[in-house]
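Good morning, and thank you for making time for this item.

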Amino acid sequence: MDERQLRILRELGELGSVTAVAEALLVTPSAISQQLRLLQRSIPVPLTERQGRRLVLTDAGQTLAGSAIEVESALERARRSVGEFLDRPDGEVSVAAFHSAAAAFFPLLLRALAGPGAPVPRLADEDVPQEDFPRLTREYDLVLAHRLEHAPPWPDTVTATTLLREPLDVAMPAGHPLAAKRRVTPRDVADEPWITVHDGFPVMATIEAISAAAGKRLHLAHRINEFAVVAEAVAAGGGLALMPRWTMRPHPALVLRPLGGVRARRHIDALHRPERTARTAIRTVLKELHEAARTIQAG
């Protein structure tokens with residue numbers, strides 16, 4: 001049995017005919033009769049009987065119809081509860097981000113949501129290969145993910161909103177000979193040692209593009225994912241590295257130079273399952289992430 005069948009039984013008890021129930025529920029009499037037959041199959045005793053031209057409820061049918069009122073009342077309370085949950089402006093919202101995005105976005109988000117009645121953020125860092133970001137939307141309401149500009153789009157199972165299209169610059173010590181250039185090319189940097197991410201992470205594809213453009217294999221001296229650690233390694237003379245232009249704090253011992261000849265830019269996207277934005281609190285957090293992105297880009 002289901003809610004619709006119980007409602008039909010209740011209406012039949014009040015209206016006394018299949019035709020009247022059909023008119024009240026805006027369906028055909030045959031549809032009403034079919035649902036009554038399906039309901040009867042699940043109950044071991046008769047629910048209706050004929051009294052002249054009327055179809056009336058038996059004692060068992062009246063008992064079940066009475067239960068239908070309780071079921072409809074409970075379902076209505078459940079719908080109201082869900083509606084209140086969706087409309088609450090101050091509900092908890094879980095947000096995950098890879099490390100450099102977390103460092104840039106999380107402080108701005110916490111400050112923006114510090115007032116009374118605002119959503120309550122639950123923040124987490126997640127540093128995963130690019131293909132694993134969509135899976136994180138099972139665990140978190142919003143996931144800040146990155147992919148290179150020419151990479152395939154995110155799967156249709158998630159909704160993606162781009163927050164930033166961030167250039168990747170070449171980081172080098174301030175005293176490095178290449179620091180005198182306003183822009184560097186793949187040939188300029190091809191003979192230098194490099195500090196880069198582990199395989200499977202988005203920046204690695206740009207390293208491969210630099211190698212292809214220069215026509216030679218780059219020397220990958222160190223594999224470090226965390227940009228803050230990379231910055232210290234570059235400052236210590238460990239090699240050059242690709243660094244995001246806006247989401248990393250400036251390092252006093254480093255300079256960043258734009259890279260010509262290859263497409264060196266990443267998208268920072270907010271991923272979520274489509275149904276999540278039915279909640280007011282999640283829509284509010286997503287709006288604040290866009291505000292944070294504008295602040296980050298403005299410097």
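By contact I mean heavy atoms within 4.5 Å. This is a predicted model, in which local features need pLDDT of at least 70, side-chain atom pairs count only at pLDDT 80 or more, and totals for chains, interfaces and linings use all residues. Residues are numbered from 1 along each chain as its sequence is written, and side-chain values use heavy atoms, with hydrogens and water left out.

Leaving aside neighbours within four places in sequence, Leu-142 is in contact with residues including Val-93, Val-95, Leu-271, Ile-282, Val-285 and Leu-289. Leu-142 is also among the residues with the most contacts inside the largest nonpolar core, which has 37 residues. Such a core is a set of buried Ala, Val, Leu, Ile, Met, Phe, Trp, Tyr and Cys residues joined through side-chain atoms within 4.5 Å; buried means under 20% relative accessible area, exposed over 50%, and partly exposed in between, with a 1.4 Å probe and protein chains only. Apart from this core lies another, of 36 residues, with Met-172 and Trp-194 among them.

Let me turn to His-176. Is this residue buried or exposed? His-176 counts as buried because its relative accessibility is 16%. Beyond residues up to four places away in sequence, His-176 touches Glu-192 and Leu-240. With the side chain of Glu-192, the His-176 side chain makes a polar contact at 3.2 Å, that is, a pair of N or O atoms within 3.5 Å, where within protein one must be able to donate a hydrogen and the other to accept it, and residues adjacent in sequence count only if both atoms are side-chain atoms.
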